[in-house]
Amino acid sequence: MPKPLFTKLIAGGAIGFFCVLFGCIYGLSANDRILLLLSLGIGVGSLIRCVSLYLLIRAHRYVCFEGTCMKREPTLLKRSLQILFQDTEGTEYRFTLDKGVKLLQGHYYRLYFRADSVLNNKDVPANASESFLDFLGFEELSSLESGNISDEQ
């Protein structure tokens with residue numbers, strides 16, 4: 001299981017668990033049924049999300065792109081970035097990701113996307129403008145790549 005996906009799975013489960021824990025404790029102590037029901041609803045939603053992410057990871061229904069972030073441009077009046085990404089074979093991809101994703105220009109990354117809707121039959125992103133909806137995570141591989149380059153020289 002890739003580390004960024006495992007981290008996302010654990011973080012989602014932990015957030016849901018603690019929301020339910022503290023919400024139920026406070027809801028029971030204050031006799032607040034609405035807070036209790038909302039906390040349980042958050043718990044059920046979090047559980048469904050974690051199980052679906054676990055099944056996605058286990059079935060390998062995700063796609064990895066390895067390469068270099070060539071350019072990152074903020075989109076005007078939106079909370080998104082346009083990322084120009086070049087893989088190891090020289091193919092360039094454009095992705096729209098959330099501004100919270102901290103990809104640095106010139107660094108080597110592995111990006112993870114849901115396979116169901118990101119790719120079409122030719123392994124090219126089908127909806128690059130909506131790729132932030134299917135973005136699962138990333139990991140920086142600069143240290144691995146620079147180690148490989150120094151070994152070759």
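Student: Does T96 count as buried or exposed?

Tutor: T96 counts as buried, because its relative accessibility is 6%; buried means under 20% relative accessible area, exposed over 50%, and partly exposed in between, with a 1.4 Å probe and protein chains only. Please note that this is a predicted model, in which local features need pLDDT of at least 70 and side-chain atom pairs count only at pLDDT 80 or more, while totals for chains, interfaces and linings use all residues. Residues are numbered from 1 along each chain as its sequence is written, and side-chain values use heavy atoms, with hydrogens and water left out.

Student: Which side chain does T96 join in a polar contact?

Tutor: The side chains of T96 and Q82 are joined by a polar contact of 2.9 Å. Such a contact is a pair of N or O atoms within 3.5 Å; within protein, one must be able to donate a hydrogen and the other to accept it, and residues adjacent in sequence count only if both atoms are side-chain atoms.

Student: Where is T96 found?

Tutor: T96 is found in strand β3. Strands (E, at least two residues) and helices (H or I, at least four) are DSSP runs, numbered from the N terminus.

Student: What is the order of the strands in the sheet?

Tutor: The open sheet has five strands in the order β3-β2-β1-β4-β5, with antiparallel pairing; two strands pair if DSSP finds at least two bridges between them. β3 (92–98) and β5 (135–140) are at the edges with a single partner strand each, so one side of each has no neighbour in the sheet. Direction ignored, neighbouring strands are turned by 40° against each other on average. Axes here are lines fitted to C-alpha atoms, for helices over the stretch in contact, and angles run from 0 to 180 degrees between N-to-C directions.

Student: What packs on the sheet?

Tutor: Helix α1 (residues 3–29) does, touching β1, β4 (108–114) and β5, and its direction makes about 125° with that of β5. Contact means heavy atoms within 4.5 Å.

Student: How many bridges pair β1 with β4?

Tutor: β1 and β4 pair over seven bridges in the antiparallel sense, and G67 has Y109 as its bridge partner in β4. On to β5, β4 is joined by five bridges, with F113 facing F135 as bridge partner.

Student: Why is β4 largely enclosed?

Tutor: Five of its seven residues are buried, so the rest of the structure largely encloses β4.

Student: What about T91: where does T91 lie?

Tutor: T91 lies in the loop between β2 and β3 and counts as partly exposed, because its relative accessibility is 34%. Not counting residues up to four places away in sequence, T91 touches F85 and Q86.

Student: Finally, how many disulfides does the structure hold?

Tutor: The structure holds zero disulfides, a disulfide being a pair of cysteine sulfur atoms within 2.5 Å. C24 counts as buried at 14% relative accessibility, and C69 counts as buried at 1%.
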